[in-house]
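Q: Can we walk through this one together? I'd like the overall picture and then a few local spots.

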Amino acid sequence: MTATTSTAPAWAALNSGKPAFLRYYAYLGFLAGLTALALLTDGGYNEDTYIFKLVSIAGGGLWGIGGALIGVAAGFMLSLAKPESTDSRIARNLLPWLDGMLLMLVIAWGLSLLEPHQNLVTYEDQSKLISGRIIMAMNVLFIFAAVSYVMHLFAPAAFIGRMGTLSAWIATYAGGSALILRWYESYLIDSEIGHAPVSNLYEVFILLFCITSAIYLVMERRYQARAMGAFVMLLVACGVFFAIWLESLGQADIKPLVPALQSYWMKIHVPLNFIGYGAFAVACAAGMTYLLRDRLERSKPNGRMLSLFPSLDQLDQLAYKSVAIGFPAFTLATILGAAWAAEAWGGYWSWDPKETWALIVWLFYGAYLHVRVSHGWGGKTLAWWAVVGFLVTLFCFVGVNMYLSGLHSYGRLS
Amino acid sequence: MPLAVVLLLVLSIASVIGTVLLQNQEQADYLHQYGPIWYWTFRSLGLFDMYHTWWFLTLLGFLMASLSACLIRNVPRMLKDMRAGKVSIADKSLQNFHHKEEWISAETDIATLQTAAGTALREWELKSTEEEGCTYIRADKGRYHKWGYILVHTAILVILIGGWMSVQFGFRGNMAVVEGAMENEISFLKGTDTEYLDMPFEVRCNDFFIDFYPTGMPKEFRSNLTIIDGGKEVLTSDIIVNEPLYYKGIYLYQSSFGDGGSKLKFKLFPLDGGKTRSIETAVYQTWTDPKTGTSLEITDFKPFNVENMANPGQPKKFKDLGPAVEYIIRSPGQDPMKIKSFMNPFEFDGHNQGMLMLVSTTGDARDYRTMALGLDFTNPKEWQLYNAFLRRIRNADTSNKKANFEAFKSAMEEVFGKERPADFQDLGMRTLQAISMLPKIPWAFIPMPESFEQKYYTGLQVTRDPGVNVVWIGSAILVFGLCIMFYMPHRKLWVVLKPENGKTHITLGGMTNSNRLAFEHSFNEIVTRLSDAFGQSPEQRGKV
């Protein structure tokens, strides 16, 4: 398998070499500018006022664009001083994600223009808000993607595969934009209620779908592993049905934050955790694809379906790659969660069920990496390991909220 | 299976137990939930405080020992590997590489080829040597990859040591301070016992506030605290949930709150029509009526009670029902009942609906049933009207509607004189409701909360944690090590230049210790670059 990206020349020029490098530095400068805005102006970071500073021209506008310009300038100097630095691996890998997030932001901004007038939006009646409709569209698209990917396994026409890929891409952008929109909507309801859309089970489910699907789609584009998509999208589709059920329970409403969650840590801890969960989901799908291929090789070695699959070795590598994305993110998320706990609960570790299950997940994948790296394990055992690992992750994510009580009770179904 | 992996899996399975079995609850609850046999089995295994039992700590000790052994055994070798690195390579090993490429160049000047290769591989760490006529160029990237392993293992060790320091030299306990009062003792659980510890200073709670969202959900808990050290006030500050107070190495966190013994005044309405009287009591106190033996045990007081008044499925409608008192009433010959009684009458659609009471006969708040008493007890005239009416119909035939109406009219005149109140029709309906409801009440009187002087207590979590910074250092090392381990794979390239029949045979071999897929991509790029450098396309043989 060769890593290929076939794109139009103009597009490729924009995404490589200097233009890409400068853009990357513009993003870095932009983010640094916003961080400086948070830390340097008016006596430091204030949770309640920062978001308003961020969207004002004198705040986010000036500091953000100023930062971006300084970033471009710094990138330009660097490219003159060290021409080979423009080929930075970090820049190349991060750029598509930053571009994607910018695009989501732009889509969300466009959609926000369709939002009903503030007077029509009340906490009691949130049915007029449009993020709910976009999420519904995302649900449909993810299910459609799952159907297409599975169909593609049985009817390997390129067209069907492309349909799956396309709908998964659109669904991912729809979900991401809808979450950003939901953030905006929470402020539209009441500026006191406004908060980042990562505060309950319904919201983080949407986040999980988008992250899982984005990680997979990037892999698909790089390594042409479309057969794996069937499993990834099936997992996502199962999640979609769960989210629809949650919505029917009235969990989809925007609710104010309980005091324990009113912290900037929430915006860091939760998304990082879901990068971990999403990556583990992709690893699980890679493991399942591995197991299916292994079975097919033995039962139907000349089957047509087999030709669609990446080789066993590649699937093995893809699972490892996903864990390599997820494990550091999950570790960092757990550590930052401990830091938050130290600040809010008076102790970095309380053996609360959620914490303990996070530790179990961490130990499980730690053991996975240990047998793989130090003892050279691989193949079927580790494919099973990735699948079981995701089940453990899933229990940590949903099961703990449903069956066990503890300090993380805000994720509970009620 | 390797020992370390077994240890990790055993630890995770053991950890599951403590999440399924709620930790550190009341012993009575455990006994009730599991029955005596299981209770004693679990208790003797320490499962109610599992993470501090000797066997769980032993497991952690094993993990530390295993980590140390692994570090001692492997670090010297890894350090040596990273320093050294043979520049030459045997032909045979090169043939076994996954990634390989060959060129035949007409250029015979080795130095020129070497410079060309050096320029093409300028981001790589290069070394070269000449052995037996062959020139070897070795290129490395991420040579420090093995530091990743060393750092990750060290970090886990450091974190465990930090955790041990926290447990050994720190404490974590709870302190409840009533508004206006001082406290310096914390309590915490050790195994199945509660232990106490004196702080080196006193804490006074000056004030406690709760701010609510319009939905009734709490928005903020805020305590204003003063630290008194050696009899002097040294520090006054507000704390909220995510913003603790720090003094002399000790952190004070806002963790809970509750009623701090609010003073309450009740008005008792005797059901025999006698005179009402007022009594004074407070939350957590029991008042007993010497005459009838009826007692009120006040369990809680809440100044706000916001409820969703909409029917299920309808848009939500939140409403504050005002202050409410919870108490248990015991009367001789009666089962105790748990009551939640509101201080103000219930209003609906702008109409006064009289008093509401929630009654639970099991003592469980989930079994509350609403009881509409009909009368608005805050208006003394309504009670008078009720009694006047009751007196008139007591001996009359209640099925006679006309007689009832006359009785009501006469009772109205007795209480209100000639001037009827504006809502007298509502009043009539509610009095009838009271007539059907109140005589069923089994106690001698109806207690109605009349006024209150509210006092909260603030629940503080008080901790000292000398290990916390060690844990943070360990965590930083862990993340740093993981990044090296995952994102800085050690990649090695060898370019072998070998003069052969007046030409030069060039072999390129590459390997990586992780992330093979990405390496494949880079390797193809390198092949292209070297082909440009040598002015030659690669030989199409021996390609894997």
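**Surface, folds and a few residues**

A: Starting with surface, chain A has an accessible area of about 17600 Å², and 70% of that belongs to carbon and sulfur atoms. Areas here come from the Shrake-Rupley method with a 1.4 Å probe, and for residues only the protein chains shown count as cover.

Q: Before we go on, what kind of model is this?
A: This is a predicted model, where local features need pLDDT of at least 70, side-chain atom pairs count only at pLDDT 80 or more, and totals for chains, interfaces and linings use all residues. Residues are numbered from 1 along each chain as its sequence is written, chains are lettered from A and ligands numbered from 1 in the order in which they are written, and side-chain values use heavy atoms, with hydrogens and water left out.

Q: How many helices and strands are in chain A?
A: Chain A has 13 helices and 0 strands. Those are DSSP runs numbered from the N terminus, helices being H or I with at least four residues and strands E with at least two.

Q: And in chain B?
A: There you get 11 helices and 26 strands.

Q: What about the radius of gyration of chain A?
A: Chain A comes out at 22 Å, which agrees with the value near 22 Å for a compact globule of 414 residues. The radius is taken over C-alpha atoms, and the globule rule is 2.2 Å times the number of residues to the power 0.38. The C-alpha trace of chain A spans about 65 × 60 × 45 Å along its principal axes.

Q: What does chain B have against its globule value?
A: Chain B has 41 Å, but a compact globule of 544 residues would be near 24 Å. Its C-alpha trace spans about 135 × 55 × 50 Å along the principal axes.

Q: What share of contacts joins residues at least 24 apart in chain A?
A: In chain A, 76% of the contacts between residues at least 6 apart in sequence do that. For chain B, residues 24 or more positions apart make up 59% of the contacts with a separation of 6 or more. A contact means heavy atoms within 4.5 Å.

Q: Switching to helices: which residues of α3 in chain A are buried?
A: In α3(A), residues 47–55, Tyr50(A), Ile51(A) and Lys53(A) are buried. They cover an arc of only 160° around the axis, so they sit on the same side of α3(A). That arc is of the directions from the helix axis to the C-beta atoms.

Q: What's on the other side of α3(A)?
A: Asp48(A) and Val55(A), which are exposed. The buried residues pack against α2 (17–40), α4 (57–81) and α7 (158–189) of chain A.

Q: Let's jump to chain B. Where is Thr431(B)?
A: Thr431(B) is in helix α9(B), residues 424–437. It is buried, at 1% relative accessible area.

Q: What does Thr431(B) touch?
A: Leaving out residues up to four places away in sequence, Thr431(B) touches Leu375(B), Leu385(B), Tyr386(B), Phe389(B) and Phe408(B).

Q: How far is Thr431(B) from Gly133(B)?
A: They are 116 Å apart in space, C-alpha to C-alpha, and 298 residues apart in sequence.

Q: And Met412(B), buried or exposed?
A: Met412(B) is buried, with a relative accessible area of 7%. It lies in helix α8(B), residues 401–416. With residues up to four places away not counted, its contacts include Leu385(B), Arg420(B) and Phe424(B).

Q: Last topic, backbone: what is phi of Trp351(A)?
A: It is near 55°, a positive value in a residue other than glycine. Most residues other than glycine have a negative phi. Trp351(A) lies in the loop between α11 (312–344) and α12 (353–373) of chain A, and counts as buried at 17% relative accessibility.

Technical notes:
Buried means under 20% relative accessible area, exposed over 50%, partly exposed in between (1.4 Å probe, protein chains only).
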